[in-house]
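Try each task before you turn to its solution.

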Amino acid sequence: MESLEVLRERRAHECRLTADRALQSIDEAEAFLRDRGLLTRTADSSLPSLYEACHEEEYKPGSGGFGAWPRTKWPWFGHLAERGYLVVAVHRGKNVLVTNEVAALLDPICRAEIERTRAAAPDWDRLLDHLASAGPSSLEDLRVELDLKPKELKDARSPLERCGAIVSRSLAVTGGEGHTHSSVLARWDHVFSGSGDVGVDLHQAFQELLVAGVRAAVVAPEAELKRWFSWQWYWDDSLVDDLVREGRLRRVDGHVTMVA
């Protein structure tokens with residue numbers, strides 16, 4: 001069995017953590033996404049990061065935030081979304097790009113979240129039901145149609161995006177002096193045509209998603225796994241214990257990896 005040192009070397013290669021493996025084109029970035037299954041925007045965990053794999057100098061060194069993004073390759077995250085890959089905020093509120101295969105793993109959880117959040121708060125129910133009937137809608141249309149102030153809409157949408165019940169897509173708005181950016185919101189079940197079955201065992205569904213995350217990362221500290229996704233209410237230690245017992249994951253010095 002591979003040691004932790006060997007696993008870390010393999011992770012560095014497969015997650016493109018060294019400069020000699022830097023992404024050189026948007027086509028390479030797409031191949032990287034398809035190989036890993038999911039990519040965070042910036043490096044914040046063991047999950048593979050698109051911007052980290054670019055190995056490009058910062059847009060504005062020392063400024064932090066957007067200024068720390070790659071100088072010329074920062075649009076690639078959006079370009080991959082334009083190629084049909086979903087961007088979801090289920091990485092504890094941060095955006096992650098996913099392939100169709102990983103979206104299928106997310107599907108039963110996100111559909112269950114639509115039902116959970118509809119029952120949890122009137123404001124969430126109202127927004128979700130409106131999107132169900134109106135379809136994908138711009139923020140401007142939603143503010144008018146639901147008679148909401150910008151902060152009221154933000155307060156309603158943010159937790160729904162975080163748990164995957166709704167998905168946001170960036171939208172360029174042309175104006176008299178160039179363009180600004182807005183967003184289009186849609187329910188998960190309007191952007192991904194999965195099975196539609198909300199009766200799936202969510203414990204098992206979450207396990208499948210964790211396995212996909214571990215595969216993407218190659219190796220990760222076990223304690224980190226519970227911080228990968230927003231759904232803390234689905235987490236319990238038996239998730240990993242069962243996967244180890246079933247021979248799908250193995251533990252290595254406080255870390256987990258796939259069983260070869």
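**Exercise 1. In which sense do β7 and strand β9 (residues 255-258) pair, and over how many bridges?**

Solution. Keep in mind from the start that this is a predicted model. Begin with the pair itself: β7 and β9 run in the antiparallel sense and are joined over three bridges. Next, widen the view to the whole sheet, which is open and is formed by three strands in the order β7-β9-β8, with antiparallel pairing. The strands β7 (219-221) and β8 (249-252) are the edges, each of them pairing on one side only. On average, neighbouring strands of this sheet are turned by 30° against each other, direction ignored.

**Exercise 2. Which strands of the sheet does helix α10 (residues 202-217) touch, and which does helix α11 (residues 238-245) touch?**

Solution. Take α10 at the outset: this helix packs on the sheet and touches β7, β8 and β9, and its direction makes about 95° with that of β9. Then turn to α11, which also packs on the sheet, where it touches β8 and β9, its direction making about 105° with that of β8. As a further step, look for the buried residues of α11, which are Leu239, Val240, Asp242 and Leu243. Seen down the axis of α11, these residues fall within an arc of 160°, and they therefore line one face of the helix. Among the elements that cover them are α10, β8 and β9. Beyond the helix comes Gly247, with a positive phi near 80°.

**Exercise 3. Find the buried residues of helix α2 (residues 26-36) and decide how they are arranged around the helix axis.**

Solution. The buried residues of α2 are Ile26, Ala29, Glu30, Phe32, Leu33 and Arg36. Viewed down the axis of α2, they fall within an arc of 155°, so they line one face of the helix. The partners against which the buried residues of α2 pack are α1 (4-14), β1 (38-40), α3 (50-54), α4 (76-82), β3 and α10. Just after α2, Gly37 takes a positive phi of about 95°.

**Exercise 4. At what angle do helix α5 (residues 100-120) and α10 pack, and how far apart are their axes?**

Solution. The angle between α5 and α10 is about 145°, and their axes are 9 Å apart. The crossing of these two helices is left-handed. To trace the contact, select Val102, Leu105, Leu106, Pro108, Ile109 and Ala112 on the side of α5, and Leu202, Ala205, Phe206, Glu208, Leu209 and Ala212 on the side of α10.

**Exercise 5. Which residues touch the most other members of the largest nonpolar core?**

Solution. This core has 51 residues, and those that touch the most other members are Trp188 and Trp231. The largest share of the core, eight residues, comes from α10. Apart from the core, there is a second, separate one of 17 residues, which includes Phe32, Ala53, Tyr85 and Leu97.

**Exercise 6. Is Glu161 buried or exposed? Is Asp253 buried or exposed?**

Solution. Glu161 is found in helix α8 (residues 150-162). Its relative accessible area is 13%, and since buried means under 20%, Glu161 is buried. Setting aside neighbours within four places in sequence, Glu161 is in contact with Ala89, Val90, Ile166, Ser168 and Leu185. Asp253 lies in the loop between β8 and β9. With a relative accessible area of 65%, Asp253 is exposed. Although Asp253 is not a glycine, its phi is positive, about 50°.

Conventions: Residues are numbered from 1 along each chain as its sequence is written. This is a predicted model: local features need pLDDT of at least 70, side-chain atom pairs count only at pLDDT 80 or more; totals for chains, interfaces and linings use all residues. Side-chain values use heavy atoms; hydrogens and water are left out. Two strands pair if DSSP finds at least two bridges between them. Helices (H or I, at least four residues) and strands (E, at least two) are DSSP runs, numbered from the N terminus. Axes are lines fitted to C-alpha atoms, for helices over the stretch in contact, and angles run from 0 to 180 degrees between N-to-C directions. Contact means heavy atoms within 4.5 Å. Buried means under 20% relative accessible area, exposed over 50%, partly exposed in between (1.4 Å probe, protein chains only). The arc is that of the directions from the helix axis to the C-beta atoms. A nonpolar core is a set of buried Ala, Val, Leu, Ile, Met, Phe, Trp, Tyr and Cys residues joined through side-chain atoms within 4.5 Å. A crossing is left-handed if the near helix is turned anticlockwise from the far one by less than a right angle, and right-handed if clockwise.
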